[in-house]
Amino acid sequence: MKREETKAIRIGDRWIGGGNPIAIQSMTNTKTEDVKATVEQILKLEAAGCEIIRCAVPTMEAAEALREIKKQIHIPLVADIHFDYRLAIAAIEHGADKIRINPGNIGDSSRVRAVVDKAKEYKVPIRVGVNSGSLEKSLIEKYGGVTAEGIVESALDKVRMIEEMDYDQIVVSIKSSDVLMCVKAHELISEVCPYPLHIGITESGTLLSGNIKSSVGLGIMLYQGLGDTIRVSLTGDPLEEIKSAKLILKTLGLRKGGIEVVSCPTCGRTKIDLIGLANQVETMVADIPLDIKVAVMGCVVNGPGEAREADIGIAGGIGEGLLIKKGEVIKKVKEEELLSTLREELLNWKG
Ligand code: SF4
């Protein structure tokens, strides 16, 4: 179902699905048992805009650490569990707001039932996670390989198993590192599944390839109205995941707020260090709570025109630049003072 029509599910104090705003998620890469390091990372992610955080729970010590972590953070926490159903039960008892399991790898149905019963008792939703890399052999044989259809059938089997245990607080995630397979699987499952979808391209790679694959995959799905929560998976600092997720949502018009920086690609006419300046501007505006467009342009040929279309812009000259606000040149500034002058203008922005 499209995101307006999916079932609304509560995770801690946040609702997802049912047309609620798309939530940005990330996952810690600290040892969850190390409460201090994990809390520090979550607080940084919160400040950057992370709205739901997932922590790996590979040990009983990690499950127990959740209670202390929860006391020190402000966003819902999802416990990620594989193989051991007792860890899922302990994570719920220690305050997890949602658990992520693959019912296919935590044992027989009595173990799944024990987890579902505990989730029911604590009113904690279950995210059913199915990954193309762990697709059942029978489905690989049935579909002649790993396919979108196989991934969907696997996920629906797990969903049905939980529904038959009389529980419907479910979120579904189906992942593949093959972007087009992932898109197709989401298109297929959205036709039959009423639960919110957590979407992302798994194992998408390092900063460059991860961002490109995620932007393409998530972009197609989000544009079609699919996806209630998102994660940009990157082999890198989780903070980068948040920046990318925010930009993807903003680019698609699915989120407002934050300064958008546009900058020219530079060419033979550029006479200032525009690449350096554009990067500095992007970092500088990150903590300014305005919803405007800032242009950083390299020259006086196209620069002023482009800068005029933004709310405020810089057009570079030789060792200096023009500051243009709402189409009017307001200042001529030395190159080395362009960044500080722009920041001053933004901090005193009156629209
Ligand atoms: Fe070149 Fe000027 Fe266009 Fe930048 S704005 S790409 S410097 S012509």
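These legends describe close-up views of a predicted model.

The model is predicted, and local features need pLDDT of at least 70, side-chain atom pairs count only at pLDDT 80 or more, and totals for chains, interfaces and linings use all residues. Residues are numbered from 1 along each chain as its sequence is written, and side-chain values use heavy atoms, with hydrogens and water left out.

**View 1. The eight-stranded sheet is open and parallel.**
The strand order is E8-E7-E6-E5-E4-E3-E10-E9. Strands (E, at least two residues) and helices (H or I, at least four residues) are DSSP runs, numbered from the N terminus. Two strands pair if DSSP finds at least two bridges between them. Strands E8 (170-175) and E9 (198-199) are the edges, each pairing on one side only. Six bridges link E7 (residues 126-131) with E8 in the parallel sense. Here glycine 129 stands opposite serine 173 of E8. Helix H7 (residues 179-192) lies across E8 and E9. H7 runs at about 150 degrees to E8. Axes are lines fitted to C-alpha atoms, for helices over the stretch in contact, and angles run from 0 to 180 degrees between N-to-C directions.

**View 2. Helix H1 packs with H9.**
The axes of H1 (residues 35-48) and H9 (residues 238-251) come within 9 Å and cross at roughly 20 degrees. The two helices are therefore roughly parallel to each other. (Angles under 35 degrees count as roughly parallel, over 145 as roughly antiparallel, 65 to 115 as roughly perpendicular and the rest as oblique.) Gln41, Lys44, Leu45 and Ala48 of H1 meet Pro238, Leu239, Ile242 and Lys246 of H9. Contact means heavy atoms within 4.5 Å. By class, five nonpolar, one polar and two charged residues make up this contact. Ala, Val, Leu, Ile, Met, Phe, Trp, Tyr, Cys and Pro count as nonpolar, Asp, Glu, Lys and Arg as charged, and the others, Gly among them, as polar.

**View 3. Helix H1 also meets H2.**
The axes of H1 and H2 (residues 60-72) come within 10 Å and cross at roughly 40 degrees. Val35, Thr38, Val39, Ile42 and Leu43 in H1 face Ala65, Glu68, Ile69 and Gln72 in H2 across the contact. That contact has six nonpolar, two polar and one charged residues.

**View 4. A five-stranded open sheet has mixed pairing.**
Its order is E11-E12-E13-E14-E15. Neighbouring strands are turned by 20 degrees against each other on average, direction ignored. E13 (residues 312-316) and E14 run antiparallel, joined by five bridges. Glycine 316 has glycine 321 of E14 as its bridge partner. Helix H10 (residues 274-284) packs on the sheet, touching E11, E12 (293-297) and E13. The direction of H10 makes about 165 degrees with that of E12. Helix H12 (residues 338-347) also packs on this sheet, touching E12, E13, E14 and E15. The direction of H12 makes about 140 degrees with that of E15.

**View 5. Lysine 325 sits in strand E14 (residues 320-325).**
Not counting residues up to four places away in sequence, lysine 325 touches Asp311, Ile312, Ile330, Glu345 and Trp349. The C-alpha atoms of lysine 325 and alanine 295 are separated by 10 Å, with the two residues 30 residues apart along the chain.
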